[in-house]
Each structure stands twice: as C-alpha cells, then as structure tokens.
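Student: I have a model open and want to learn how to read its features. Where do we start?

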Amino acid sequence: MAYVDRRGSAPVVADTLRDYVHIESGRVDWVDYLKGFCILLVVMLHSVTSVEQAFGQVGWMHLLVEISQPMRMPAFFLASGLFFMRSVDKPRASFLDSKILHFAYFYVLWLTIQFAFKAPGMVQDGGLGVPLETYLLAFVQPFGTLWFIYILPVFFIATRLVRHVEPEKVLAVAVILQIVPVHTGSMIIDPFASFYLWFFVGYAYSGSVFRLASRAGRRPVLYFTASLLIIAMTWILANWQIPAASLPGGIADGLDQAGFAVSRLPVVSLLLGLCGIVVLVTMSVLLSNLHLGESIRWCGAHSIVIYLAFFLPMATTRVVLLKLGIISDVGTVSLLVWLAAVIGPVMLFMLVRRLGIGGFLFERPQWARMEPARH
C-alpha cells in the first residue's frame with residue numbers, strides 16, 4: 001500500500017505508511033491515537049471553560065487547557081488533512097457526497113438536536129422568535145461546538161480549488177493568514193484564517209508527518225525527552241501573562257483585556273503549534289508501539305461520535321453537579337464534567353449499536369447519500 005505526498009506535480013511515495021497500517025481494519029493506529037488525543041483535549045476545553053464560567057473562577061484544570069491550547073486545534077486539523085489526497089481528485093459527485101453532503105447531514109441533524117434542548121431557554125430569555133432566528137443564522141454562522149463540522153467542508157473545497165497550485169505558495173499564504181490577527185466576528189472567516197494552515201500541512205506535507213512518526217518510532221527516548229521539554233516550555237509561556245495594553249492594536253482583539261498568555265501571541269502560537277504537533281505525534285506513536293491506551297485510539301477512530309454528542313452529557317452533568325453543590329472544587333467538577341462528556345457519547349453509540357435503532361445519529365442513511373454506502 002503506497003502513500004502519496006503531493007509536492008506539486010511530482011508525487012513522493014512514502015513507504016512509512018505501510019509500517020503503521022492496521023492489517024485487519026486498514027487504519028493507521030498512531031493517527032487514531034493522534035485523533036484521540038485531539039478530541040479528548042477539545043472536549044476538555046469546552047468542559048473546563050463551561051464549568052469555570054458557571055463558577056466565576058478558574059480551577060486546577062485550567063492550566064491543562066492553557067498548555068494544550070497551542071497544540072490542540074493544529075493537531076486536530078492536521079490529522080483531518082492527512083488522508084485528503086485520496087479524495088481531492090475524486091469526480092465531482094463523489095467529492096460532493098463524501099466531503100460536503102456527509103458533514104452537512106451531521107451538522108443539520110445535530111444542530112437541530114441541540115436547538116431542541118436549548119430552544120426553551122432561548123424563548124424564556126428572548127421570546128418566541130429567538131430560537132428560529134438563531135437556528136437560521138446557524139446556517140451562515142456556525143453554531144456553538146459544531147463549528148468544526150461546518151468548517152471542514154470549507155477546507156475541503158478550498159484545497160480542491162488550489163490543488164494544482166504549488167504547495168509552497170499556498171503554504172506561504174496560509175502562514176500569513178495564521179500570523180495576521182483576523183477578527184471579523186465570522187465563524188467561517190476567522191477559523192479559516194487561524195487553522196487552514198494546519199489542514200493544508202496535513203494534506204500537502206503528509207509525507208513529512210509520516211516521516212516524523214517513523215523517526216519517533218525509531219528513537220523513542222530522544223523524541224519523548226524532546227516532548228517533555230516542549231511541554232515544559234509551553235507551560236512557562238502559558239503562565240507568562242502580559243497586559244493587553246502593551247500590545248499593538250488588533251493583536252489582543254477577542255482576548256482577555258486584563259492580560260493573556262504569551263503562548264497566544266502571533267508567531268509564538270505558530271511555533272508552539274508546530275512543536276505541539278511533534279509532541280502529540282510522538283506520544284501517539286509511542287502508545288501505538290507499546291499497545292497502551294487503547295481507549296484513546298478508540299476515541300480517535302470514533303472522534304466524530306464524541307464530537308457530535310458530547311454537548312448534552314457535558315451540560316447535564318455540569319448543571320446537576322452545580323445544583324447538588326456537593327463538590328465545591330472547580331477543578332474536580334471540571335474533571336467529572338469532562339469524563340461525562342466523553343463517556344456519554346460512547347455509551348450512546350454503543351446503545352445505538354446494541355439496540356439497532358437510532359443509527360442515523362452517527363451514520364448517514366441512504367436517503368442522505370448521492371452514492372451507495374460502502375461496507
């Protein structure tokens with residue numbers, strides 16, 4: 001099985017992929033570990049921040065969120081782009097079905113499910129017209145935690161359009177977009193500027209990523225030590241707070257005006273994103289080689305299940321714990337909410353599989369496809 005790394009018109013075959021492909025499933029184990037780390041960190045972000053907002057103070061898990069901030073989304077989008085070369089040249093109908101309609105189906109479905117739970121509160125706060133207005137707005141302004149599902153097809157389309165452009169030129173533009181502060185308020189434009197770089201790197205320089213994984217597998221001690229040093233450096237920069245007033249206009253937009261971490265500064269965040277990818281790829285390869293943390297790999301292989309459904313157990317657990325008031329420590333409540341937000345979707349997925357009903361929640365039915373389902 002060959003792996004193609006697109007470099008302009010001259011594909012480079014990277015044999016390293018065959019070292020990692022799981023023979024029975026055809027999946028790449030360390031990539032599933034990488035996705036697993038990413039989805040767990042994303043859910044942790046939302047769980048911790050929602051609890052801290054409810055308490056009005058930060059807990060001990062806040063530091064974990066800050067340390068993972070520079071690496072969380074870069075690695076998530078990089079992993080999303082790693083295998084896109086298999087789809088970028090598909091016939092138009094097949095491309096639309098697998099890369100646009102697929103995500104559109106899940107976005108509309110879970111947007112509707114979220115609104116079913118949030119509409120009563122919206123009516124109480126703003127009146128009968130607010131839920132409908134907000135729901136319709138969500139089709140042009142991605143809603144809540146679902147923005148990732150919305151932005152991925154945008155990345156797919158953009159990459160398909162520039163697939164014949166020299167990768168170095170696209171990379172240069174993507175780097176500029178990532179560095180220059182873009183704060184339009186649009187949940188399409190702003191995330192595109194911030195994160196397209198990482199998706200494109202995963203797509204156009206996938207061979208380099210697999211070579212990094214191969215080196216980490218051959219020299220685990222060196223790469224593990226380097227990863228610890230990077231984490232320590234990120235911890236320092238995440239704790240180094242600077243006042244917003246000391247920065248040029250535009251850079252601090254959208255951030256805490258009282259002060260924010262150096263790790264979030266332009267260029268610094270770019271470099272830490274690269275370093276964070278090294279850390280997560282290294283950890284993923286090591287766990288894969290040692291056959292440890294199988295639950296992380298499973299979460300990665302089913303990351304969309306967790307991403308789509310974590311909001312409900314997260315919100316429910318948070319509300320219940322706050323009302324009970326048994327636990328007063330913000331960090332402990334954050335941890336419990338995070339665990340519930342991860343375990344809840346897994347239990348729902350297994351229940352759907354066991355009962356044989358509700359499969360439409362995680363798998364597109366035939367009526368929502370342009371092509372027959374592949375099994």
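Tutor: With a definition: buried means under 20% relative accessible area, exposed over 50%, and partly exposed in between (1.4 Å probe, protein chains only). Helices (H or I, at least four residues) and strands (E, at least two) are DSSP runs, numbered from the N terminus. This is a predicted model: local features need pLDDT of at least 70, side-chain atom pairs count only at pLDDT 80 or more, and totals for chains, interfaces and linings use all residues. Residues are numbered from 1 along each chain as its sequence is written, and side-chain values use heavy atoms, with hydrogens and water left out.

Student: Which residues of helix α11 are buried?

Tutor: In α11 (residues 294-301) they are I296, R297, C299 and G300.

Student: Why do they line one face of the helix?

Tutor: An α-helix has 3.6 residues a turn, so residues three or four places apart point the same way. The arc is that of the directions from the helix axis to the C-beta atoms. Down the axis of α11, the buried residues fall within an arc of 160°, so they line one face.

Student: What covers the buried residues of α11?

Tutor: The cover includes α1, α10 (268-290), α12 (303-309) and α14 (330-355). Contact means heavy atoms within 4.5 Å.

Student: How should I read a nonpolar core?

Tutor: In soluble globular proteins, nonpolar side chains tend to be buried together. A nonpolar core is a set of buried Ala, Val, Leu, Ile, Met, Phe, Trp, Tyr and Cys residues joined through side-chain atoms within 4.5 Å. Here the largest has 101 residues; W30, L34, F77, W110, F148 and Y307 touch the most other members. Helix α1 (residues 29-55) gives the most to this core: 14 residues. A second, separate core has 6 residues, including L237, I242, V262 and L265.

Student: Which residues does L34 contact, leaving aside neighbours within four places in sequence?

Tutor: A75, L78, A79, L280, V281 and S284.

Student: Is V170 buried or exposed?

Tutor: V170 is buried, with a relative accessible area of 11%. V170 sits in helix α6 (residues 167-179). Neighbours within four places aside, V170 contacts V162, V165, Y196 and F200.

Student: How is confidence read?

Tutor: Through pLDDT, the predictor's confidence in each residue, from 0 to 100. The chain averages 88, and 88% of the residues score at least 70. Over residues 1-25 the pLDDT is below 50; this stretch still has 63 contacts in the model beyond near neighbours in sequence.
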